[in-house]
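Here are my notes on the model you asked me to look over. Have it open beside you as you read.

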Amino acid sequence: MAEVFVLVEHRRGELRDITFEMLSGCRDLAKNLNASITAVLLGKNIDNFVEQLKSWADKILVVEDDKLENFNAEAYQRVLSHLIKERKPILTLIGHTSFGMDLAPALAAELGIPLATDCIGFELQDGRLVAIRQMYGGKVNARISFKTAPYMATIRSAAFKAEEPGLSAEVEKAPSPLTEEITTKRFLEYVEAAVGEVDITQAERIVAVGRGVGDYSDEKVRSIIEELANELGAVIACSRPIVDKGWLPKDRQVGTSGKTVKPKLYLALGISGAFQHVAGMSASETIVAVNKDPKAPIFTVADYGIVDDLFKVVPVLTEKVREAKGGS
Amino acid sequence: METIDGESFGEKYDLFVCLQCGKCTGSCPLSMRSQLSPRKHVREALLFDNEVVLDKEFLWDCTTCATCRLRCPRDLQPVEVIIGMRSILIEEAKVPATVQEALESTFKNGNPWGRAPSKRDEWAAELSLKSASEGAEYLYYVGCTPAYDPRVQNVAKSLVRVFKAAGVDFAILGNEEKCCGNEIRRMGEVGLFEMLMEDNVEIFENYGVERIVTSSPHCYNVFKNEYEGLKAEVFHYTQLLCEKLDNGLLKLTKELKKKVIYQDPCFLGKQNKIFEEPRKLISSIPGVELLEYDREKERSVCCEGGGGRMWAEATATGERTAETRVKEAVALGAEIIAVACPFCMLTFEDAVKMTGYEGKIEVKDISELLVEAIE
Ligand SMILES: Cc1cc2nc3c(=O)[nH]c(=O)nc-3n(C[C@H](O)[C@H](O)[C@H](O)COP(=O)(O)OP(=O)(O)OC[C@H]3O[C@@H](n4cnc5c(N)ncnc54)[C@H](O)[C@@H]3O)c2cc1C
Ligand code: SF4
Ligand code: SF4
């Protein structure tokens, strides 16, 4: 029976969500390919991972080695190329994460296997694999067809839902092929993002506050805004005056002298829409503005506008978002 | 230490005669709020190699107001040394992301604001203005900020009304207009500046332009003093309108009972010695009482909008100079701060908000005051 390899991603003693997303996301495809699913687990002291993965795959293929204690693309590449050559899986899936992208291109090149990156879905067409990936900042879905099997792909995180299929995997331990020292790449340390540091340019949803919020150092004001942001899973950004007042750090400022952002949702609360602000956010997919002044220029770039006091609107929004989520 | 074109800084800017008197740093509007110190950088440029420039993020604090140049007893150009150092930072790609975006947009779109070139003339859509191909006595060079920033578009629109009222025969380039490059050169991007200069000179030449009038002192400065091969005569709009006022062609009839204070733009005042024309225009409006700052004309304080600062916050901390100026204006009893530069307009409007004087004092361009006086 053919096999689909799914590379297990873990960091500092924890399995990453992408692993489960890939394992459950490829089930239909594996069925159509008439293949079983093998979770490929590399590491050191990883028995607890084996336990956690048992119900998610048909087989768990484990390679243990001291050199695999921390992620190292060079070590992973050697092990994986060995396993792929030996077992010839029809498809290898790797997370489209910084780990995965450090590894997949070189591995595919070494093995001469076609690679589609950042995929969000798959189809089979006349027996050939077609990967779906987004282009033009997410505006277009492109279908990429592979010429020949075997295939390799990296999967965007959260592209698939992780749904436990309740399997019971067979566990196979394979000897490590790593005989030599890994010399080119070395693991040094994990560098933690400083506490509170948020990269607003990467956020999918942003709640942005302007002078209309009044005194943002006021606990009450802050908590009203933060509650909405939490419900939305959004990060908080702002206009320049909020930074000037020292209420939010400089890296939260959107605009020509701050950051340029393109989230799916940009919710502007009490921001007038000065050109220097708008230039940093007008490319957002959906812009919603709350401002009590109907003439505020922000409404010329907004897709949806609410003309009212934001302190009336925000609690209602928070409630509605909560309801919508509860109902799904 | 070597400049971008291979000469040493000392030779290129004649730094050997520097007295280290410190008048430049003493007069610099940023030196109190940043590590920026023109005197020190002049010394460093003489003594060390390129290494010394790297990791000096505060070099982006300089507004290129040129106060340091004005004060130097040796006629040196500390501001040019700083621009030269920025060129090295650009070569090394040690550039704030926002500056990089502005430069890239200027290369791609012909403006630093990230806007499409096809939208440059939108502000004039309903004004039916002559285009340069039809020929006119003056080419009105609008500039990037008046063309794209909705607040400053009103300056361009007001100017058009005043030009028409004064019978000025003018045309615009519309979407063919490109960034003048004044800020680009000051951000250290010499290559891009030269490209813009060549393109613009060619466009002006093609349309046989003999006289250019600008909204912005920045465009005026670069055309007047830095463009090579430009044959046209260059005017800031305050000069042209003052002439029309003297000839009786611009008639200011409506009363405006306001106390108005005037902010000298560095690129008009300090750098080009145009002090009187803007003042004459303002004080000729019936009813206006023109107030003066204590620090005015050559001693005026920079608004912090120049030298690429529109796209770089850099490292300066503490109260912005525009905020200090707004507070001074309020204390002097002014009701309107009159500006004659798009960047002053933006820095001052922001400063009025930050100081909490909204509703108490307004920021208006001189062109906007003139519109009120003619209609
Ligand atoms: C060189 C330079 C660079 C700049 N760079 C940036 C930049 O990168 N990013 C940036 O954001 N700005 C920048 N600015 C500042 C910019 O010009 C504006 O001053 C600023 O964006 C205004 O911020 P704001 O919208 O929060 O405040 P305001 O313009 O004061 O707007 C506040 C809004 O809130 C509304 N409001 C008030 N109370 C309520 C309420 N209870 N409910 C709902 N609405 C309410 C008001 O109607 C108003 O429209 C820059 C300025 C300069 C000079
Ligand atoms: S140009 Fe102005 S801001 Fe720059 S160093 Fe000279 S005085 Fe300071
Ligand atoms: S003012 Fe002129 S002479 Fe004095 S330190 Fe500055 S550069 Fe040197």
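The points below cover a sheet, a domain contact and a ligand site.

1. Some housekeeping: this is a predicted model, with local features needing pLDDT of at least 70 and side-chain atom pairs counting only at pLDDT 80 or more, while totals for chains, interfaces and linings use all residues. Residues are numbered from 1 along each chain as its sequence is written, chains are lettered from A and ligands numbered from 1 in the order in which they are written, and side-chain values use heavy atoms, leaving out hydrogens and water.

2. Chain A has an open, mixed sheet of nine strands, ordered β9-β8-β7-β10-β6-β1-β4-β5-β11 (strands are DSSP runs of E, at least two residues, numbered from the N terminus; two pair if DSSP finds at least two bridges between them). β9 (140–145) and β11 (170–174) of chain A sit at the edges with a single partner strand each, so one side of each has no neighbour in the sheet.

3. Within that sheet, β7 (residues 115–125) and β8 (residues 128–135) of chain A pair antiparallel over six bridges. A:Cys119 is opposite A:Arg133 in β8(A).

4. Chain B splits into domain 1 (6–91), domain 2 (97–243) and domain 3 (249–374), with bounds from an automatic or database domain assignment. In chain B, 18 residues of domain 1 contact 21 residues of domain 3 (heavy atoms within 4.5 Å).

5. Which residues surround ligand 3? Among them are B:Cys18, B:Cys21, B:Cys24 and B:Cys72, along with B:Lys23 and B:Arg39 (a heavy atom within 4 Å).

Key. Helices (H or I, at least four residues) and strands (E, at least two) are DSSP runs, numbered from the N terminus.
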